[in-house]
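The sequence and the structure are shown first.

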Amino acid sequence: ITKTVAADKTPKKNLQSNFGKYGFQFGRRKNRLEVCIDDTWHIFAYNENNLDGVTMSVDKNSARSARLTITNTTDREIIFGDDYELEKQNPKTKEWESVDYIIDNAAFNSIAYNAPKNKPTEWKVNWKVFHGTQKPGTYRIVKTLLDFKGTGNYTEYTLMSEFKITKK
């Protein structure tokens, strides 16, 4: 960030902020900017868990898989694919950390599922091949959903849903 505007103003140009000049990097997820302020990284996120009228919940899970329900109560055309991120909460810092892949070159099918209005849509994921069997802890699934308006015209949102894996 190379230029600043007054704290009560909204930046209008790239590389501007209203909180000072700092180093930054793009986040590993879309719509995220990570800014280093006084040796501490801060995440600035856009369109995370704010898709009004659309929810995502984990209904059932094990150490190897989960079943999610995406519910759309809007007139928007909501679509999503098979891609996801699996994150685990660090019990000491409470920060979310990506669960490592156990295979190289992991890839997802390129597909679009529709979440129609008022018809809860189930989506199942088995992460054993990508991440192995997970140990007890607090996890979350992170998925990108699109508010699709037409070819090349959509807004991306990131939804997250937490769940626990417990000992059996």
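## Charged pairs

A salt bridge is taken here as a side-chain nitrogen of Lys or Arg within 4 Å of a carboxyl oxygen of Asp or Glu. In this predicted model, Asp 147 forms such a bridge with Lys 149, the closest N and O atoms being 3.7 Å apart. Asp 147 is buried, with a relative accessible area of 8%, whereas Lys 149 is partly exposed at 46%. Both residues belong to a network of salt bridges that also includes Arg 76.

By this rule the count comes to five salt bridges. One of them joins the side chains of Glu 122 and Arg 67, at 3.8 Å from N to O. Glu 122 lies in strand β12 and Arg 67 in strand β7, so this pair ties together parts that are 55 residues apart in sequence. Arg 67 is partly exposed, its relative accessible area being 26%. In another salt bridge, the side chains of Lys 117 and Asp 75 meet at 2.9 Å, N to O. Here the partners sit in loops, Lys 117 between β11 and β12 and Asp 75 between β7 and β8, so the pair ties together parts that are 42 residues apart in sequence. Lys 117 is partly exposed, with a relative accessible area of 39%, while Asp 75 is exposed, with 71%.

## Overall architecture

The protein chain contains one helix and 14 strands. Its C-alpha atoms fill a box of roughly 50 × 40 × 30 Å along the principal axes. Of the 168 residues, 38% count as buried. The chain exposes about 10,900 Å², and carbon and sulfur atoms supply 47% of this area.

Contacts can also be viewed by their separation along the chain. Among contacts between residues at least 6 apart in sequence, 56% join residues at least 24 apart.

## The nonpolar core

The largest nonpolar core has 25 residues, and Trp 127 and Ile 141 are those with the most contacts inside it. At least two core residues come from each of the strands β6 (54-61), β7 (65-72), β8 (77-80), β12 (121-126), β13 (137-150) and β14 (153-165). Strand β14 gives the most, with four residues.

With neighbours within four places in sequence left aside, the contacts of Trp 127 include Ile 141, Phe 163 and Ile 165.

## Thr 121 in strand β12

Thr 121 is found in strand β12. This residue is buried, at a relative accessible area of 14%. The side chain of Thr 121 reaches the backbone oxygen of Lys 119 at 3.2 Å. Beyond its neighbours within four places in sequence, Thr 121 is in contact with Leu 68, Thr 69 and Ile 70, with Phe 80, and with Asn 114, Ala 115 and Pro 116.

## A nonpolar surface patch

Which residues form a nonpolar patch on the surface? The patch consists of Ile 102, Ile 103 and Val 129, with about 270 Å² of accessible area together. Ile 103 lies in the loop between β10 (96-98) and β11 (113-115). With 33% relative accessibility, Ile 103 counts as partly exposed.

Methods:
Residues numbered from 1 in each chain as written. Predicted model: local features only at pLDDT ≥ 70, side-chain atom pairs only at ≥ 80, totals over all residues. Heavy atoms only, no water. Core = buried A, V, L, I, M, F, W, Y, C linked by side-chain atoms within 4.5 Å. Buried < 20%, exposed > 50% of the residue type's maximum accessible area, 1.4 Å probe, protein only. Contact = heavy atoms within 4.5 Å. Polar contact = N/O pair within 3.5 Å; in protein donor to acceptor, adjacent residues only side chain to side chain. Patch = residues over 30% accessible without salt bridge, like charges linked within 9 Å, V, L, I, M, F, W, Y side chains within 5 Å. Areas by Shrake-Rupley, 256 points an atom, 1.4 Å probe, with all protein chains shown as cover.
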